[in-house]
Amino acid sequence: MAEMGKGVTAGKIASNVQKKLTRAQEKVLQKLGKADETKDEQFEQCVQNFNKQLYEGSKLQKDLRTYLASVKAMHEASKKLTECLQEVYEPDWPGRDDTNKISENNDLLWTDFHQKLVDQALLTMDTYLGQFPDIKSRIAKRGRKLVDYDSARHHYESLQTAKKKDEAKIAKAEEELVKAQKVFEEMNIDLQEELPSLWNSRVGFYVNTFQSIAGLEENFHKEMSKLNQNLNDVLVDLEKEHGTSTYPVKAQPSDSTPAKANKTPSSPPDGTPITSPETKAINHELEPSTLETPGGGIPKSPSQSTEAAGAEAADKEAGAEAAKTETDSGSASSSLPAVVVETFPATVNGTVESGAPSERADMPPGFLFKVQAMHDYSATDSDELQLKTGDVVLVVPFDNPEEQDEGWLMGVKESDWLQHKEFDQCRGVFPENFTERVQ
């Protein structure tokens, strides 16, 4: 017999092809109701539990990887912050060596926290999920062997009920039926024992995983709290020695904060009087040419016109008191500048809104904005983008907003888009905290 490859012969290939055809015919007959199908509701429930457990485990693994990526990014940010403190901390200031030591310990603590999360959570997660592919393959194989068993059973029954019986064919069909039944039952018994055991193991696994994460976080924050307290003590000592040179940061008044008529602002230490923005506007004198109007006099703002009308009404009602008010307001109005009202286009989140946004021909459909990768990101699933620091990504909306996980964006790398113009094949999801918006 001719060899077709290592361990594969023409006869074996023909046998496999015949099995596939027989299974396909059997499935068609079962769907048409012309052949009965062996059912096992208990096993089907075990398969449903298995699929649910696999889905939950895969999602937990993905979220855990995202968490680890966030810890790494936070480590980098904390490291840069402490490095900045070392740069600005002058050599003659007290506690210089202490700040350097705190910075080193901070870096070591973050590194240790990340590594322990990998060892005690992620690797355990990978081991847990590692058993699912083999069982999933065996479940599929059991399904094929069940079809073989049903097909052999139906063939044997048809030969027995035939008008013209062929004892040799019946004997051979019975032999094939016994063989198919034995293969199926061996696989079925093993899975009947393993699937419930695997399903029950999920509780202990979830408990151990989250207990490990919680314990590592607790120890990390305790040690980080000590470092922060040490840093605070160093800065307190620095403040005591250079206390006269401290510059408190005061909150700036908000435009939306209502003015309080009875509150008088205090003066700064040098005694310079404080002039409010309103007072500065009133005392600011313009060039004579800017104050003149065709009819002479000083142009008035809408608020000044309203005040004049109010003063006129008060004059009629209050007599002398109104006259005094009119005199005071007149003297003040002589120094009021013209009020220039500027209009600006409406903006949303800093973007000028000018009607419905138009599609840009050079961008993918639904293009929202650009981001640039600040760190490398290694994709862990087929639907994720692989990012290198500096990559520019064109962000687009999800086809189904409900599928968007918190902290993830959908996009296509600008280089792929410019090169291929293939949107559906190039796009993927990526963690938002690995990027920075650039446009």
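A residue is called buried when its relative accessible area is under 20%, exposed when over 50%, and partly exposed in between, with a 1.4 Å probe and protein chains only. The model is predicted, so that local features need pLDDT of at least 70 and side-chain atom pairs count only at pLDDT 80 or more, while totals for chains, interfaces and linings use all residues. Residues are numbered from 1 along each chain as its sequence is written, and side-chain values use heavy atoms, with hydrogens and water left out.

**Exercise 1.** Determine which strands pair with S5, and why S5 is described as largely enclosed.

*Solution.* Strands are DSSP runs of E with at least two residues, and helices are runs of H or I with at least four, numbered from the N terminus. Strand S5 covers residues 369-373, and because 4 of its 5 residues are buried, the strand is largely enclosed by the rest of the structure. Pairing requires that DSSP finds at least two bridges between two strands. S5 pairs with S6 (residues 392-396) in the antiparallel sense over 4 bridges, and Lys-370 stands opposite Leu-394 of S6. S5 also pairs in the antiparallel sense with S9 (residues 435-437), over 3 bridges, where Gln-372 stands opposite Glu-436.
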